[in-house]
Amino acid sequence: MYHKTQREGFQCEGSQCEQALLETGSPVDEARQGVLDQLVSWMRKRSLFVLAYGTGCGAIEMRPLMTSRFDAERFGIIGAATPRQADVLVISGYLAIKTLKRVIRSYEQMQEPKYVIALGSCTINGGMYWDSYNTVKQVDRYLPVDIFINGCMPRPEALIEGFVALQERIARGEKGGFHRYRENIDWYKANQRRVLGDQMPPAYTYDWYHAGGAA
Amino acid sequence: MTMPLTPVWFIALPLLLAFASPLWVRLRLLMPLLVGTPAALLALALGLLPAVRTAPLLETIVIAPPLGIHLQLDSASWLLVALINFAGVVVGAFLWLGETEPYLRERRAFILILLLIAGCNGMVLTGDLFNLYVFLEIAGVSAYALSALRRDAPALEAGLKYLIIGSVAAIFFLFAVVLIYLQTGNLSLAAVARGFSEIPGPMQMLIGLLMLIGLGIKTELFPFNFWVPDIYQGSHPAVASLYSGILVKAFLFVLFHLVFLFLADPGVAGAWLMGLGAITMLVAETVALRQEDLRRMLAYSSLGQIGLITLALGFGVESTTAGGLFHMVNHTLVKLLLFLTAAILLRSFVSARIADFAGAGRARPLAGALFVLGALAVMGLPPLSGFASKLWILKGFAEAGVFWPVALILLAALIEAGYYFRWIKVLYEPRTEVAIEPSEGRWAYLPIGVVAGLIVLLGVAPFLVDDLFIEGARSLLDRTATLVAVLGAGS
Amino acid sequence: MHAILDSLAMIGVSYIMGFLFYGFYRQLNARVQRRWGPSIWQNFFDNMKFFFKSETLVHGPMFFFGPMIIMAGAFTTVLFVPFLKDSNWLQGYSQYGNLILIIYLLVVGPLGNALAVGSSGNPFGVMGVTRGLTRLMGLEVPFFLGLGLVMLQHETTSVHAIMAAQDGLAHWGIVTNPIAFCVILLPFIASQNGSPFDVVGAPVEVYAGPRVEFGGRLLGVLMTQNMMMSIAKLVLVTDLFLGGATNILVLILKAFALFVLTTAVSMVFPRLRTEQAVDFFWKVPLGLGVLGVILTVWLPWSA
Amino acid sequence: MSLILKLFFFAVSLSPTALLMGWDGHLTWTLLDGVGLSLTLTPLAAFFLLLLALAAPLVALPMLRRPADWPSLALYAALLAGMQLLLLAGDFVSFFIGWEIMTWSSYLLLLRSPRTEMATSQSYILFNLASAFLLLAGIMVFYGLTGSFDIRPLVGPTQPQQLALALLFGLAFLIKVGTLPLHIWVPRSYDEAPDIFSAFLSAAISKMGVYGMILLLTLFPEALTGLYGRLLNGPAAGYLLAWVGVITAIVATYKAISQEDMKRLLAYSSIAQVGYITTAVGVGSSLALGGALYLALVHTLVKLLLFISVAGIVLQTGQRRFNDLGRLIERMPISFFGVLIGIIGLAGMPPLPGFAAKYLVFVSLVDARWLLLLAAMILSSTAAFIYCYKLIYAPFLGHANSAGAREAKEAPWPYLVPQVILMALLFGLGVFPGFAIEVLIDPVLTALRMAPLGGSSWAVLTTAYGGYDGVVLMSVFVTAFVLVTGLFLLLRGRMRRAGSPYDLSYAGEVPTEETPLHYGAGMGRELRRIPLVGWILRHSSQGFYLGLTRQMRAAAGLLGGFYAGNPQTWILLAVVVFAVVLGLQAVTGGI
Amino acid sequence: MLSFLDEPRVLHGIYVLGSLTLFFIGLYGLLAKRHLLKILISIAVMELAVYLLFIGLATSPGETAPILSDGLQGFVGMADPVPQALTLTAIVIGLAVLGLGISLAVQYHRLTGKADVAGLTELKDV
């Protein structure tokens with residue numbers, strides 16, 4: 001149930017592309033099937049550095065993950081201090097518009113391959129903030145989410161399950177969300193601009209993608 | 001008509017020419033003669049040098065025996081005479097070429113300067129106590145008048161102050177002369193010297209004290225020198241250069257001449273003078289630290305150097321005495337340089353306050369450079385002449401194993417650096433708004449340049465002249481030789 | 001040829017030892033905290049993952065060369081530390097160096113990297129570098145004083161000679177010169193970026209410190225050199241105080257023992273602020289060092 | 001005309017080189033009765049002449065840039081003449097003459113800078129003249145003892161005599177090198193001097209103090225040991241000197257860290273470096289003196305390089321404070337490398353010769369068993385890393401903080417040529433640490449009747465305590481570097497250039513030009529919280545000298561009161577003196 | 001009855017006392033009076049005291065003035081001529097100085113309206 005507003009519109013360049021995006025699964029990357037690639041995927045799977053972005057109440061659920069009780073480190077999951085070092089961005093809960101800018105900025109600063117996990121109902125459809133004027137309802141429109149973990153809030157066990165699911169995807173060599181972001185950068189940027197207006201973060205990544213992405 | 005070239009010309013010539021001044025005004029020869037007279041005397045001195053080096057020249061102009069004027073030109077007094085006349089040439093040339101203030105280029109100034117030179121020459125040459133008093137007064141009166149020549153309030157004030165203190169000094173000196181005559185019945189220096197030891201001790205003491213105060217005021221020693229900065233400040237710098245360069249040197253010479261001649265053992269008096277010299281030096285250098293007026297600063301610096309010379313001469317050892325005489329010469333050169341440069345700067349910048357001199361060295365590079373050279377020389381920095389003489393003095397003390405004067409001299413030099421370099425820094429202050437006017441009287445730099453050249457030359461090659469100073473020191477110190485020369489071997 | 005093989009072997013050994021030791025450290029840490037902890041290979045995985053990141057951000061040439069310099073410094077350090085005594089192998093170029101050179105080589109790389117940090121333009125990184133340098137300033141004093149005691153004891157700066165002098169347990173440095181060992185122990189932990197003194201890279205306080213801008217493959221390089229450098233230091237201390245080793249197993253054993261000792265200290269103390277750490281070094285280890293100097297040099301019965 | 005003059009001036013600046021190559025005689029010049037100058041070139045002096053020969057033309061080159069400041073050039077020529085006289089001196093008089101010419105000409109050069117303040121110039125000249133006059137006093141004592149000005153060892157001096165000499169000469173030279181309580185003239189003058197001339201001040205002129213100190217050692221029969229015997233394994237008198245040096249180094253290092261101005265930082269770093277040299281001289285063994293000479297050589301090269309680079313930066317940006325610079329690496333790459341090599345040498349990092357020098361000093365301290373000194377020296381030399389880093393970070397890295405820094409261009413070639421030459425020299429000496437030992441230092445040590453350090457080849461630095469091989473070290477490092485870079489580039493994956501300098505990981509924030517991103521001046525500020533460092537930074541000896549100045553001025557005012565009166569006061573004073581003396585004489589029974 | 005006054009010792013004693021008194025009067029005036037002319041007069045008085053002392057002590061009772069007039073060919077029974085000659089010279093010089101001093105003082109007064117020695121404050125330490 002969406003609350004449509006002028007600011008957060010669905011009137012993008014055509015609902016086809018939007019629909020296509022939503023239906024696109026995560027096909028296995030055709031190019032990456034060699035032994036080395038499998039090995040690399042396996043390494044990636046075993047080592048996930050998490051940039052936990054405490055956007056909402058989900059932040060409180062992130063902490064126990066690292067403690068003795070849940071011990072995410074046994075999966076190779078460990079916190080990273082800066083986006084440059086992180087592999088996974090965890091959006092923990094509802095995303096205010098003010099926060100969105102920072103989240104986009106952080107996401108764009110991460111080095112590929114990078115993944116996004118979104119926690120809770122709020123990131124899926126706004127959840128209890130469905131009619132808030134300043135909360136992003138559907139994170140997927142602004143950032144390519146790989147895994148949604150539903151619940152309000154999801155317990156750490158659920159979080160671990162989500163991480164394991166992500167690890168399996170990585171191990172399978174599926175294309176991550178960052179591919180989607182790269183290929184549909186114009187769409188994402190348009191969505192972002194619609195919400196953020198002149199508060200848009202710098203267009204470094206946009207320029208980079210458009211320049212062909214080669215150093 | 002052949003005129004014998006005798007020392008009497010040193011006194012007679014300037015006097016004669018001075019009193020014939022109306023003639024020179026008419027002939028427009030005033031300025032050339034102002035330079036020419038001392039120049040001629042300098043030439044005469046140089047001509048007499050070979051003779052003086054073999055034996056002192058004695059001359060007695062008999063009025064009626066035993067009355068007469070005794071003149072005595074030995075190696076020591078030759079140095080002073082040459083120095084006095086050289087300074088006369090330089091200052092005269094500066095006044096002539098430098099387009100200085102008109103009152104210094106008139107007849108009055110001409111007379112007074114020549115009288116001053118004559119008086120100084122006379123003081124140095126005379127072998128007679130009373131003549132000494134007379135020449136002292138001649139020099140004194142001309143100096144008072146020279147100070148007041150500008151006739152504005154500061155100049156008159158300087159003249160008056162100088163006159164009062166100078167007269168008091170002369171009275172004390174005269175008192176001493178009277179006492180000496182009453183005790184010994186003689187006025188001839190040599191004769192007095194022979195009989196001086198027979199005067200009872202307390203009377204010797206009294207005479208000594210009177211003499212010390214009389215000459216102490218004139219030679220600017222510490223507790224008697226408070227008048228100096230005022231006079232130097234009130235007078236034209238060129239005149240002040242004569243005071244510092246000629247007058248004080250002549251008095252200093254007289255003081256030590258008397259001390260070394262009268263006293264068979266100058267040890268005690270020498271120690272007193274050394275003490276006074278040291279105090280003079282330290283006090284003057286310290287006070288100079290605060291001076292904001294260029295002329296006063298130079299005055300205090302003069303005092304400090306006088307103290308140094310007194311300290312060196314008072315020690316009474318050949319090497320310090322030679323060094324002291326050398327330093328006298330150097331100090332005269334340096335003070336000529338500094339005061340004349342100050343005159344140039346004062347003309348351009350009107351005020352003598354330190355604040356008004358900011359950037360003067362950049363606006364007047366040549367004057368600035370000359371001032372720096374003079375300052376370096378006066379502090380005794382090599383390779384300038386001040387260093388050579390200071391080294392000589394220090395070496396004398398070190399040879400004798402007496403180190404406290406070494407320490408004091410070096411301390412004083414350090415304090416001296418404290419204010420001289422302050423002035424140098426101000427001279428080269430970056431200041432853009434210094435108006436660079438076209439400099440008039442470029443020729444004024446000529447005599448100063450000559451002095452500067454001499455300072456450098458004497459600093460680099462003092463060996464050219466060091467014999468003169470050694471001989472001078474010997475003749476100053478060697479009492480018996482003088483007595484024998486004047487009074488005959490039998491005395 | 002031998003030299004090349006030997007060098008490669010040293011680099012390999014130090015790398016393997018490095019990630020295994022750190023893997024062990026993480027395991028042990030987890031067990032102390034009643035967790036399972038990651039696998040002992042976890043550091044290797046992390047390292048490899050970074051090496052195979054498909055994107056690496058650079059801020060300019062200096063930013064790129066910094067990690068290269070630090071890596072080259074790590075290689076050089078490793079090659080100048082003799083791993084074994086009485087052996088042809090694992091010697092590297094150690095006979096061309098000496099103890100003081102090694103101590104300085106340990107700093108060359110980090111300073112090169114500090115340039116890269118600076119050129120990134122991130123103030124947090126530079127702040128971290130400054131903290132690192134400050135800590136270095138604090139720890140080097142007692143550390144070097146301890147080494148000075150050792151150099152004095154053996155009258156040489158050659159690590160080979162010092163190792164050779166320690167034949168038999170009774171002649172081990174830790175026995176003959178226990179004060180020196182005590183003096184260097186805590187600074188040694190700090191130089192390993194061990195726990196009470198690890199404020200340099202503290203994520204919460206300075207946002208990861210010097211590494212704030214490094215990601216991808218460059219971070220991989222930094223991790224690698226860190227592990228190798230640690231091993232080089234461990235081996236060095238083993239050489240100086242534990243009598244060196246004649247074969248690789250003994251070496252690993254001794255180094256591991258030392259590692260466990262430092263780990264034990266690391267795990268139980270909370271983090272100190274930089275100035276606290278420096279002050280601590282200048283009071284406790286340095287005081288101990290001064291005591292050592294008085295005992296070994298100043299007192300009349302000492303040589 | 002101006003070109004010819006410039007060429008002439010450049011030729012003058014090459015005169016130390018010519019002297020070094022061509023001098024093989026003995027020249028005498030009589031000054032006064034019994035005082036003559038005799039000029040010879042001893043190996044020790046030749047070493048320092050070499051330093052001068054290195055510094056003179058390299059400093060002259062940037063000085064010749066248009067528009068030439070002719071007075072500066074003339075003064076520089078006088079300065080060079082004075083320093084050569086000082087080095088050639090076979091007797092103390094010429095030594096002193098050279099010393100003084102150096103003092104005043106450098107002072108006048110200092111005044112050519114528009115930034116020089118009164119306090120600076122006064123402290124410069126007063127301290128240096130105090131040094132000169134102490135020297136002269138020492139010379140006089142020496143003359144009193146030996147009856148000659150020739151520089152030669154004393155024969156059978158008593159201990160008080162030795163002490164007097166050591167104190168006078170020692171203080172003179174310590175002022176010149178600027179050790180601790182006597183250093184306050186250094187930072188100000190190095191900072192405010194003309195930018196290029198600072199290089200010469202730090203590189204060449206301060207070395208003359210070092211020359212003096214080593215010369216002083218040769219005056220005594222057993223150098224420092226003869227003075228108060230031995231302490232542990234070194235001279236007891238030297239122990240004091242060494243502590244003076246080390247404390248100087250420590251304090252100056254911390255002061256350097258807290259500076260916000262490039263040149264002042266370099267000035268304090270000079271003080272610190274010369275502190276090391278003082279320490280080494282204090283140890284006095286052959287190893288230590290070798291180390292001292294080596295340090296002097298390296299410091300000359302490094303400070304020339306750094307000051308010239310910094311002068312280039314100041315010239316091009318018009319800024320000299322760390323806060324106002326930044327990110328010049330892209331605009332002034334050669335200067336960047338100059339400063340980089342410079343700080344590596346300054347910090348004593350292995351591939352460069354700074355390490356060799358420090359190594360010798362460390363080993364000599366171990367040899368003398370002065371371990372506490374060793375620790376203190378390590379404290380200073382590791383703390384030096386901080387200011388070294390600051391020196392390269394703040395101007396070249398980080399973010400440009402002023403218009404000048406944003407629009408700067410590379411320094412002109414007269415600044416770059418010396419930098420390149422110096423870099424090459426430093427690099428060469430670093431690869432061949434034994435070269436300096438064998439060719440430059442051993443002859444000096446032999447001449448001082450000390451054991452030469454020797455070495456099997458130029459690549460090796462050898463001591464009894466072990467040594468290292470510069471060539472192997474360098475080749476290993478370079479190979480490793482090439483290998484690592486090559487392997488890295490073999491890895492697959494994209495390199496991505498940051499979109500802008502502000503593309504920073506900044507807690508999700510977006511920094512802009514206005515964000516205070518540059519950490520230049522603040523660097524090291526937190527060091528104040530360390531008790532010892534805080535104590536050092538809070539204290540200064542400046543207050544003492546200010547107090548002294550105040551007291552002098554007060555005394556001047558007091559005494560000046562005498563001169564302020566009117567004629568009656570003066571006469572009264574004279575009469576009172578007269579009466580008092582007379583009365584005293586009467587009381588003591590004279591009359 | 002007053003013939004004891006003719007004894008040289010007594011007479012000389014009186015001269016000494018008298019001239020010293022005069023000298024101190026002059027000194028007092030010099031130190032205590034503030035008018036420029038009074039100061040100059042005091043100086044003249046001091047000088048006078050010295051002349052008197054000189055002449056007085058150099059002359060014994062009964063000696064005649066040392067004037068070589070007709071018939072007198074030698075200095076017999078005359079006072080020592082030297083002090084007389086010297087004093088004459090000194091008086092001339094003193095007169096010159098005094099004249100110069102008074103002219104300066106008068107000029108100074110005309111220029112500034114001041115005649116107070118304590119008012120000479122144009123030149124001083126700054």
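Residues are numbered from 1 along each chain as its sequence is written, while chains are lettered from A and ligands numbered from 1 in the order in which they are written. Because the model is predicted, local features need pLDDT of at least 70 and side-chain atom pairs count only at pLDDT 80 or more, whereas totals for chains, interfaces and linings use all residues.

**Exercise 1. Chains C and D**

Task: find which pair of chains shares the most contacts, and describe the chain D side of that pair.

Solution: 

- Step 1. Two residues are in contact if their C-beta atoms, placed from the backbone, lie within 7 Å. Six pairs of chains are in contact, and chains C and D share the most contacts.
- Step 2. Count both sides: 61 residues come from chain D and 67 residues from chain C.
- Step 3. Look for the elements of chain D that give two or more residues; they are helices H15 (353–368), H16 (371–396), H20 (470–490) and H21 (531–538), with strands S6 (468–469) and S7 (494–497). Helices (H or I, at least four residues) and strands (E, at least two) are DSSP runs, numbered from the N terminus. With 13 residues, H16(D) gives the most to this side.
- Step 4. Sort the side of chain D that touches chain C by class: 45 residues are nonpolar, nine polar and seven charged. Here Ala, Val, Leu, Ile, Met, Phe, Trp, Tyr, Cys and Pro count as nonpolar, Asp, Glu, Lys and Arg as charged, and the others, Gly among them, as polar.

**Exercise 2. Strands that pair across two chains**

Task: work out how strand S1 of chain C and S7(D) pair.

Solution: 

- Step 1. Strands pair if DSSP finds at least two bridges between them. Strand S1 (residues 55–58) of chain C and S7(D) have four bridges.
- Step 2. Check the sense, which is parallel.
- Step 3. Pick out one bridge: C:Val58 has D:Arg497 of S7(D) as its partner.

**Exercise 3. A covered strand in chain A**

Task: decide whether strand S5 of chain A is mostly covered, and find its neighbours.

Solution: 

- Step 1. A residue is buried if 20 or more other C-beta atoms lie within 10 Å of its own, exposed if 12 or fewer, and partly exposed in between, with C-beta atoms placed from the backbone.
- Step 2. Turn to S5(A), residues 115–119: five of its five residues are buried, and the strand is mostly covered.
- Step 3. In a regular strand the side chains alternate between the two faces of the sheet. On one side of S5(A) are A:Tyr115, A:Ile117 and A:Leu119, on the other A:Val116 and A:Ala118, and all are buried.
- Step 4. Find the neighbours. Strand S3 (residues 88–92) of chain A runs parallel to S5(A), joined by five bridges, and A:Ser92 has A:Leu119 as its bridge partner. Strand S7 (residues 147–149) of chain A also pairs with S5(A) in the parallel sense, over three bridges; there A:Leu119 stands opposite A:Ile149.
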